[in-house]
Amino acid sequence: MLTTLNTSYTDTRAADLAWTLGREPLPALATLDLELSGAILQLRLLGASHQVLLEEEQGSCSETVACIPGSSTPLPLGVAKRVGDWEYEFAARVEVLTPGSFAGRAQELLALVSDHPHGLAGVFPGSPHAFTAMLAQRQEGQVHWRTWHAYPQDGQLVATRTRVGARVRVERPGPM
């Protein structure tokens, strides 16, 4: 699903992005509700980037990547941690592209996400290449999502990948 976000483009630098887990739902400009084999997922486009809310039998998880005033947790390159009964993995990278490469990559990503049944993309007014896009799937019992945050004025594209799945419990043999 592709939408034009009805807000000014204030999320203007990749370096301003912050990452948090467990944040309450923030006001969203666009949402996509998905049911992926028992997992209830809500993809949320914010004026300041994205939030994903996940509900499953094992519990709930909230990931926010956004420019949030007063946030002290910068965007990490990688995180692996336990969240309740889940294993949570997050990775981020910043690509720096030439203006021509940026425009082509933006068009490619927007086409991929907007045509996908589990995709949500929002374009900010004023630049067809200023966007946030999200794509989710369930694979082998785990929920995965990818996001892209575009900063055309700097030629920067922030890409994130997240995987959330049930923790594998190892049975230890008892004494013989």
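Student: Which exposed residues does the face of H1 turned away from its buried side carry?

Tutor: This is a predicted model. Helix H1 covers residues 99–114, and its buried residues are Phe102, Ala106, Leu109, Leu110 and Val113. On the face turned away from that buried side, the exposed residues are Gly100 and Gln107.

Student: Why do the buried residues of H1 lie on the same side of the helix?

Tutor: The residues in question are Phe102, Ala106, Leu109, Leu110 and Val113. They lie on the same side of H1 because the arc they cover around the axis is only 100°.

Student: Which strands do the buried residues of H1 pack against?

Tutor: H1 as a whole packs on the sheet, with its direction at about 45° to that of S10. The helix touches S1, S8, S9, S10, S11 and S12. For its buried residues, the strands packed against are S1, S9, S10, S11 and S12.

Student: How far does H1 reach from its first C-alpha to its last?

Tutor: H1 has 16 residues. At 1.5 Å a residue, a span of 22 Å is expected. The model comes close to this, with a reach of 22 Å.

Student: What are the edge strands of the open sheet of 7 strands?

Tutor: The strand order is S1-S9-S10-S11-S12-S8-S7, and the pairing is mixed. From one strand to the next, the twist averages 15°. An edge strand here pairs on one side only, and the strands that do so are S1 (2–4) and S7 (78–83).

Student: How many bridges join strand S8 to strand S12, and do they run parallel or antiparallel?

Tutor: S8 spans residues 86–96 and S12 spans residues 156–166. Within this pairing, Glu95 stands opposite Leu157 in S12. The strands are joined by 11 bridges, and their direction is antiparallel.

Student: Glu56 forms a salt bridge with Arg138; how many residues apart are they?

Tutor: The closest N and O atoms of this pair are 2.5 Å apart. Glu56 is buried, at 15% relative accessible area, while Arg138 is partly exposed at 26%. Glu56 belongs to strand S5 (residues 49–56) and Arg138 to strand S10, so the pair links distant parts of the chain.

Student: In the salt bridge of Glu89 with Arg163, which residue counts as buried?

Tutor: The pair links strand S8, which holds Glu89, to strand S12, which holds Arg163. Their closest N and O atoms are 2.7 Å apart. Glu89 has a relative accessible area of 38%, which makes it partly exposed. Buried means under 20%, and at 16% the residue that counts as buried is Arg163.

Student: Is Glu95 buried or exposed?

Tutor: Glu95 meets Arg93 in a salt bridge, 3.0 Å from N to O. Arg93 is partly exposed at 38% relative accessible area. The value for Glu95 is 17%, and the cut-off for burial is under 20%. Glu95 is therefore buried.

Student: Leaving aside its neighbours within four places in sequence, which residues is Pro76 in contact with?

Tutor: Pro76 lies in the loop between strand S6 (59–66) and S7. With a relative accessible area of 18%, Pro76 is buried. Its C-alpha is separated by 10.0 Å from that of Thr20, 56 residues away along the chain. Beyond its sequence neighbours, the contacts of Pro76 are Trp19, Phe90 and Ala92.

Note on methods
Residues numbered from 1 in each chain as written. Predicted model: local features only at pLDDT ≥ 70, side-chain atom pairs only at ≥ 80, totals over all residues. Heavy atoms only, no water. Pairing = 2+ DSSP bridges. Helix = DSSP H or I, 4+ residues; strand = E, 2+ residues; numbered from the N terminus. Axes fitted to C-alpha atoms, helices over the stretch in contact; angles between N-to-C directions. Contact = heavy atoms within 4.5 Å. Salt bridge = Lys/Arg side-chain N within 4 Å of Asp/Glu carboxyl O. Buried < 20%, exposed > 50% of the residue type's maximum accessible area, 1.4 Å probe, protein only. Expected span 1.5 Å × (residues − 1). Arc of directions from axis to C-beta.
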